[in-house]
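Have the sequence and the 3D view ready.

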Amino acid sequence: AGAVRERRAVAGAVRERRAVAGAVRERRAVAGAVRERPCSLAHLTPPVLLQVFWGLDKKLAQRKHFPSVNWLVSYSKYARLLDDHYDRHFPEFVALRTRAKEILQEEEDLAEIVQLVGKASLAELDKITLEVAKLLKDDFLQQNGHAPYDRYCPFYKTVGILQNIIAFYDLARHSVETTAHSENRLTWAIIRDNLGDVLYKLSAMKFKVRDPR
């Protein structure tokens with residue numbers, strides 16, 4: 001019990017530091033965008049200029065993760081302008097996008113906890129979050145501009161991939177939650193070992209290209 005309380009205290013401290021660090025990163029991102037404003041756009045006011053910000057990430061580039069745009073600090077104020085279009089043609093997309101962003105943010109918060117106490121000490125739901133965030137980063141966000149399957153991606157395919165990944169996330173969490181107090185308790189390790197083929201199909205969805213014929 002003491003060890004559990006200690007881990008919870010460490011986790012709480014890490015989350016608090018993450019919140020402070022996030023606020024600092026946001027201020028630096030805005031300040032950097034204003035500081036690097038091109039002279040030709042000097043007549044524009046910062047609120048007009050900063051409608052879109054792409055936070056290029058050196059660590060992602062070093063890991064050969066392209067495009068190397070940090071999904072947590074980047075933002076666009078134009079996103080809501082397209083909501084009506086999405087509601088008409090892809091009504092599920094906005095909710096899926098929000099869920100994906102939440103998973104990636106939670107994975108970032110868990111990263112420091114893993115460094116302090118190890119992945120094995122995480123709750124089963126947190127382990128699912130880490131694995132699904134890895135799917136989102138490596139198999140959804142990462143792109144290869146030289147490959148035919150990644151050079152262009154029709155939007156219905158983008159929505160379909162995201163829908164399947166989020167559905168797997170929800171079902172895995174539901175299975176763990178509903179069996180947490182039963183004799184046949186499910187863990188992430190059991191899900192991973194028994195659904196390896198499903199995980200492979202999730203990671204391979206991006207490679208499917210529609211036959212032009």
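## A pair one turn apart

E102 and R99 both sit in helix α5, three residues apart, which is about one turn of the helix. (Helices here are DSSP runs of H or I with at least four residues, strands are runs of E with at least two, and both are numbered from the N terminus.) An α-helix has 3.6 residues a turn, so residues three or four places apart point the same way. The side chains of E102 and R99 meet in a salt bridge, 4.0 Å from N to O. A salt bridge means a side-chain nitrogen of Lys or Arg within 4 Å of a carboxyl oxygen of Asp or Glu.

E102 is partly exposed at 45% relative accessible area, and R99 is partly exposed at 26%. (Buried is under 20%, exposed is over 50%, and partly exposed is in between, using a 1.4 Å probe and protein chains only.) R99 and E102 also join D170 in a network of salt bridges.

## Where this comes from

This is a predicted model: local features need pLDDT of at least 70 and side-chain atom pairs count only at pLDDT 80 or more, while totals for chains, interfaces and linings use all residues. Residues are numbered from 1 along each chain as its sequence is written, and side-chain values use heavy atoms, leaving out hydrogens and water.

How many salt bridges does a search of the whole structure find? It finds nine. One of the pairs is K119 with E131, whose closest N and O atoms are 2.6 Å apart. K119 lies in the loop between α5 and α6 and E131 in helix α6, so this pair ties together parts twelve residues apart in sequence.

K134 and D138 both lie in helix α6, four residues apart, and their side chains meet in a salt bridge at 3.3 Å, N to O. K134 is partly exposed at 46% relative accessibility, and D138 is partly exposed at 28%.

## Helix α6 and its neighbour

Helix α6 covers residues 124-141. Its buried residues include I128, L130, V132 and L136. What covers the buried residues of α6 includes α5, α8, α9 and α10.

The axes of α6 and α8 come within 10 Å and cross at roughly 170 degrees. (Axes are lines fitted to C-alpha atoms, for helices over the stretch in contact, and angles run from 0 to 180 degrees between N-to-C directions.) That makes α6 roughly antiparallel to α8, a label for angles over 145 degrees.

Key. Expected span 1.5 Å × (residues − 1). Contact = heavy atoms within 4.5 Å. Parallel < 35°, antiparallel > 145°, perpendicular 65-115°, else oblique.
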